[in-house]
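The exercises below ask for charged and aromatic side-chain pairs to be located and placed in their surroundings. Each task is followed by a solution in steps.

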Amino acid sequence: MDGVSSYQSGGGGRNGDLHKYSHSIGSNIQKISQNVKSMQQLVNQLGTDQDNQQLRAQLHQVQHYTGGLAKDTTVELRTFKSLPVPPGQDTRTWHMQAERLTREFSQALNDFQNAQRQAASKEKEALKKARADSDAQFFDSRQGGALLDLGDSENKGRSQQSQMQIQMEQEQEMQALQERESQIRQLEANIMDVNQIFKDLATMVHEQGEVVDSIEANVEAAQVHVSQASTQLSEARQYQNKARRKKVCLFGIGLVVLTVLILIIVLSTKN
């Protein structure tokens, strides 16, 4: 107990590191889950009257921060699993803690990726609709400009000004559409990053499985050694019993021979 308290009170040592990483990982998982809820609320507004550039920027900011938090959590979880358990601590308890954190982190990542995919799907639909509206407006403006050109010079001047204004608006819309396309590509890249994190988690679980397998193999080897030792002890007992029986037989034969000699001597003396 004193050793445990000294680790904790000192704020350092291996036990302190285990607690530090465990707390940090758990806190990150909670933040990821909270961010996913915020993302879901923003995603539900995509494609509605509340959809605007500010909402999409906020959505991408939250998902970008959450993605970075997921990467940091992966590094911390790997470090946590690599730390040795201090003497006197229950190894099984810390292994169960690592499994629990891995399971909760995996679930949070699943929720995060689902929100990302919904966001990407809705943004693609909204972008497709925005492109269609932009093309329709461009066609209407071209048709209206052609009709105005048929009028007098005053109408032609107004037409030119109107065309310039429409052209500027179209360029702004085109720039906004390109920016939305860039955001969608970034979102898809972030989804791939989460896929990589899942692969890293699978690798960690596999490595942990190898450690468990090696421990089981060591236990099986110990059982074989114990079995071999028991067999050797049994054989030794058999050798001892055989040796003891031989001694008893020799003693009995000697006793019989001695008895026969005494009888011969006694009979010879009487004769």
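**Exercise 1.** Decide whether Lys124 is buried, partly exposed or exposed, and determine with which residue Lys124 forms a salt bridge.

*Solution.* Begin with the accessibility classes, in which buried means under 20% relative accessible area, exposed over 50%, and partly exposed in between, for a 1.4 Å probe and protein chains only. Lys124 has a relative accessibility of 41% and therefore counts as partly exposed. Next, apply the salt-bridge rule, which asks for a side-chain nitrogen of Lys or Arg within 4 Å of a carboxyl oxygen of Asp or Glu. The partner of Lys124 is Glu188, with the closest N and O atoms 2.6 Å apart. This pair links distant parts of the chain, since Glu188 belongs to helix α5 and Lys124 to helix α4, 64 residues apart; helices here are DSSP runs (H or I, at least four residues), numbered from the N terminus. Glu188, at a relative accessible area of 29%, is also partly exposed.

The model is a predicted one, in which local features need pLDDT of at least 70 and side-chain atom pairs count only at pLDDT 80 or more, while totals for chains, interfaces and linings use all residues. Residues are numbered from 1 along each chain as its sequence is written, and side-chain values use heavy atoms, with hydrogens and water left out.

**Exercise 2.** Find how many aromatic pairs the whole structure holds, and classify the geometry of Phe80 and Trp94.

*Solution.* Rings of Phe, Tyr and Trp (its six-membered ring) pair if their centres lie within 6.5 Å, and planes under 30 degrees apart count as stacked, over 60 as edge-to-face and the rest as tilted. The search finds one aromatic pair. The ring centres of Phe80 and Trp94 are 6.2 Å apart and their planes stand at 65 degrees, so the pair is edge-to-face. Phe80 is buried at 3%, and Trp94 is buried at 11%.

Methods
Helix = DSSP H or I, 4+ residues; strand = E, 2+ residues; numbered from the N terminus.
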